Amino acid sequence: EEACTWLLFRHKLEYLMRISAMYGRDDQPLIRGFCIPEQVTAMSPRWERILLWLAVALMESLGIWVKICTDPGYAGTDGFVLVPRDRAVIATWIRAEGIWYAGKTTRVPDLGDYSEVAGHATAHSVTDDATPAGRLRLLADYLELDWAWLSRRCAGLGRVGCARLIQPHSRLLSTEGVDAALRFAGGVAA
């Protein structure tokens, strides 16, 4: 259910778009790591795993490579995007005083710590592939989601969008993120 916020909250989509536009480069893509231990995956209902997969598809659609680490020791790590040799941009709901926390650090010791975490997530990622389609397929396999069904449903929903199915009644919510994820996932799967 935490993944749902990336898909439906307007400020989360704006954050992802802004961070991608500011720091993403073809020669050195942004990498976003998540820790999803196997026991968490096994206990999660299918709909939660689909929402997580769609949130990853949204990030991948913006050029952010997503790496999935299964080591439970990293489960409490803040969400961050590492801009190599420059800064770490932190966006997390872990230990946040409010709904979530967003900030940045340029402190060398912090950057070293975040680099170590990013290195571990990259080296041990269950989604290790050079393409977004490959990473999404590996994630679907890890989450025990049927790739053929998932890609077919995303392609179909992506063509029409979710506006007729989901109509948020808050200025804070939008279907733009979920529609972008569906279009991207349906397109790369083809």
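Helix H4, residues 46–61, is mostly covered in this predicted model: 13 of its 16 residues are buried. Its end C-alpha atoms are 22 Å apart, and since 16 residues at 1.5 Å each should span 22 Å, the two values agree. Just after H4 comes Gly 63, with a positive phi of about 85°.

What does H4 pack against? One partner is H6. The axes of H4 and H6 lie 11 Å apart, at an angle of about 170°. Angles over 145 degrees count as roughly antiparallel, so that is how H4 and H6 are related. On the H4 side, the contact is made by Trp 53, Val 56, Ala 57 and Glu 60. On the H6 side, Pro 132, Arg 135, Leu 136, Leu 139 and Ala 140 take part. Sorted by class, this contact has seven nonpolar residues, two charged and no polar ones. As for spacing, an α-helix has 3.6 residues a turn, so residues three or four places apart point the same way.

Val 188 is found in helix H8, residues 176–189. In sequence, Val 188 and Leu 136 are 52 residues apart, while their C-alpha atoms are 9.0 Å apart in space. Is Val 188 buried or partly exposed? Its relative accessibility is 25%, so it counts as partly exposed.

Glu 144 is not a glycine, yet its phi is positive, about 55°. Glu 144 is also exposed, with a relative accessible area of 68%.

Now the strands. E2, residues 64–69, has five of its six residues buried, so this strand is largely enclosed by the rest of the structure. Strand E1, residues 30–35, runs parallel to E2, and six bridges join the two. Within that pair, Gly 33 stands opposite Lys 67 of E2.

Last, helix H5, residues 108–123. H5 has 16 residues and reaches 22 Å from its first C-alpha to its last, close to the 22 Å expected at 1.5 Å a residue. Which residues of H5 are buried? They are Leu 111, Tyr 114, Val 117, Ala 118, His 120 and Ala 121.

Notes:
Residues are numbered from 1 along each chain as its sequence is written. This is a predicted model: local features need pLDDT of at least 70, side-chain atom pairs count only at pLDDT 80 or more; totals for chains, interfaces and linings use all residues. Side-chain values use heavy atoms; hydrogens and water are left out. Buried means under 20% relative accessible area, exposed over 50%, partly exposed in between (1.4 Å probe, protein chains only). Helices (H or I, at least four residues) and strands (E, at least two) are DSSP runs, numbered from the N terminus. Two strands pair if DSSP finds at least two bridges between them. Axes are lines fitted to C-alpha atoms, for helices over the stretch in contact, and angles run from 0 to 180 degrees between N-to-C directions. Angles under 35 degrees count as roughly parallel, over 145 as roughly antiparallel, 65 to 115 as roughly perpendicular and the rest as oblique. Contact means heavy atoms within 4.5 Å. Ala, Val, Leu, Ile, Met, Phe, Trp, Tyr, Cys and Pro count as nonpolar, Asp, Glu, Lys and Arg as charged, and the others, Gly among them, as polar. The expected span of a helix is 1.5 Å times one less than its number of residues.
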